[in-house]
Amino acid sequence: MTDHATYLDAKRALDDRSLNREVLDRFAAELPPEPEILEVGAGTATMVERLVDWGVIEGGRWVAVDAHEAALAAGEARVGEAVGDVTVEYRVADAFDAVSKAVAAGDRFDAVVGCAFFDVVDAAPAVAALADVAPVAYAPITYDGETRFAPADPDDDAVLDRYHRHMREFRAGGPDGAAALAREATVIAEGPSPWRIEPPYESGERTVLAHLLDTVEEAVGETGYDASDWAERRRAALKDGRLRYEAANRDLLVRLD
């Protein structure tokens with residue numbers, strides 16, 4: 001499987017075009033001129049670069065937290081101590097351990113950012129914990145319960161049903177991550193942010209698709225279903241430049257307190 005940092009960098013352009021700009025504009029309107037922002041699940045620190053490049057933030061402090069040391073180290077090596085006039089700090093830690101330490105230190109933020117984060121945590125305790133350090137959370141690319149591959153394969157339904165079962169039963173969060181967050185917090189703004197990949201593939205998209213196929217096969221295997229034949233057919237379609245993919249995501253801006 002593609003290493004985590006390589007996958008995160010490969011999907012940067014996909015995230016760029018998928019983000020819902022109306023929700024992002026509403027998030028920008030919530031921020032003071034030089035905001036203090038905590039990012040959980042920061043990966044390779046692409047979000048702070050993006051928001052500076054797009055003029056969403058122009059100064060302030062960004063604290064990037066991720067449990068994947070290699071991914072965060074790759075981001076720190078690329079970004080350094082600042083993006084423009086935004087200072088960047090890096091903390092290798094579980095998100096909620098980092099929040100607990102921030103609470104103990106009396107450290108408050110103007111917002112929490114969690115890209116593709118709120119579908120891999122349980123919404124209620126996540127909202128309760130994050131409310132102790134920030135009033136709002138921006139949650140882009142939150143999975144919204146639907147994945148599709150094309151052309152059609154006879155095993156699609158069985159594989160994707162097991163994939164969603166794995167999300168529900170084998171890890172925190174679940175396929176209804178966007179809906180769960182909306183139930184637990186007050187929604188300020190929301191809108192779709194679907195991932196779509198179609199041939200001819202752009203830079204990085206083959207890497208993203210290969211990683212996603214590995215992820216689905218591995219997850220489904222943990223439920224006791226052998227998806228190897230399905231995965232091999234899908235990899236053949238990818239090699240031939242025929243594989244298409246879509247995932248329903250939702251961007252949310254929510255009030256935590």
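User: Which are the buried residues of helix 3?

Analyst: Please bear in mind throughout that this is a predicted model. A residue counts as buried when its relative accessible area is under 20%, and as exposed when that area is over 50%. By this criterion the buried residues of helix 3, which spans residues 21-30, are Val-23, Leu-24 and Phe-27. They cover an arc of only 100 degrees around the axis, which puts them on the same side of helix 3.

User: Which residues are exposed on the other side of helix 3?

Analyst: Glu-22, Asp-25 and Ala-29 are exposed there.

User: Let us apply the reading to another helix. Which residues of helix 6 are buried?

Analyst: In helix 6, residues 95-105, the buried residues are Ala-95, Ala-98, Val-99 and Ala-102. Viewed down the axis of helix 6, these buried residues fall within an arc of 100 degrees, so they line one face of the helix. The face turned away from that buried side carries Lys-101 and Ala-104, both exposed. The cover over the buried residues of helix 6 includes strand 1, strand 2 (60-66) and helix 7.

User: Let us turn to the backbone. Which residues does a cis peptide bond join?

Analyst: The general idea is that most peptide bonds are trans, and that most residues other than glycine have a negative phi. In this model, a cis bond joins Ala-150 and Pro-151, with omega about 0 degrees. Pro-151 sits in the loop between strand 6 (136-150) and helix 8 (156-169). A cis bond also joins Pro-199 and Pro-200, again with omega about 0 degrees.

User: Where does Pro-200 lie, and is Pro-200 buried or exposed?

Analyst: Pro-200 is in the loop between strand 8 (195-197) and helix 10 (205-222). With a relative accessible area of 75%, Pro-200 is exposed. Pro-200 and Ala-182 are 18 residues apart in sequence, and their C-alpha atoms are 36 Å apart in space.

User: Which residues other than glycine have a positive phi?

Analyst: Two cases may be examined. Phi of Ala-116 is near 55 degrees, and Ala-116 is in the loop between strand 5 (111-113) and helix 7 (123-130). Ala-116 is partly exposed, with a relative accessible area of 34%. Phi of Ile-141 is likewise near 55 degrees, but Ile-141 is found in strand 6. At a relative accessible area of 3%, Ile-141 is buried.

User: How many helices and strands does the protein have?

Analyst: There are 11 helices and nine strands. The radius of gyration is 18 Å, close to the 18 Å that the globule rule gives for 257 residues, so the protein is as compact as a globular protein of that length. Its C-alpha atoms fill a box of roughly 55 × 35 × 30 Å along the principal axes.

User: What do the totals for burial, contacts and surface show?

Analyst: Buried residues make up 50% of the 257 residues. Among contacts between residues at least 6 apart in sequence, 84% join residues at least 24 apart. The accessible surface comes to about 11300 Å², and 46% of this belongs to carbon and sulfur atoms.

User: How far apart are the mean positions of the positive and negative charges?

Analyst: The protein has 27 positive and 51 negative charges, and their mean positions are 4 Å apart.

Terms used
Residues are numbered from 1 along each chain as its sequence is written. This is a predicted model: local features need pLDDT of at least 70, side-chain atom pairs count only at pLDDT 80 or more; totals for chains, interfaces and linings use all residues. Side-chain values use heavy atoms; hydrogens and water are left out. Helices (H or I, at least four residues) and strands (E, at least two) are DSSP runs, numbered from the N terminus. The radius of gyration is taken over C-alpha atoms; the globule rule is 2.2 Å times the number of residues to the power 0.38. Buried means under 20% relative accessible area, exposed over 50%, partly exposed in between (1.4 Å probe, protein chains only). Contact means heavy atoms within 4.5 Å. Accessible areas come from the Shrake-Rupley method with a 1.4 Å probe; for residues, only the protein chains shown count as cover. Lys and Arg count as positive and Asp and Glu as negative; His and the chain ends are not counted. The place of a charge is taken as NZ of Lys, CZ of Arg, CG of Asp or CD of Glu. The arc is that of the directions from the helix axis to the C-beta atoms.
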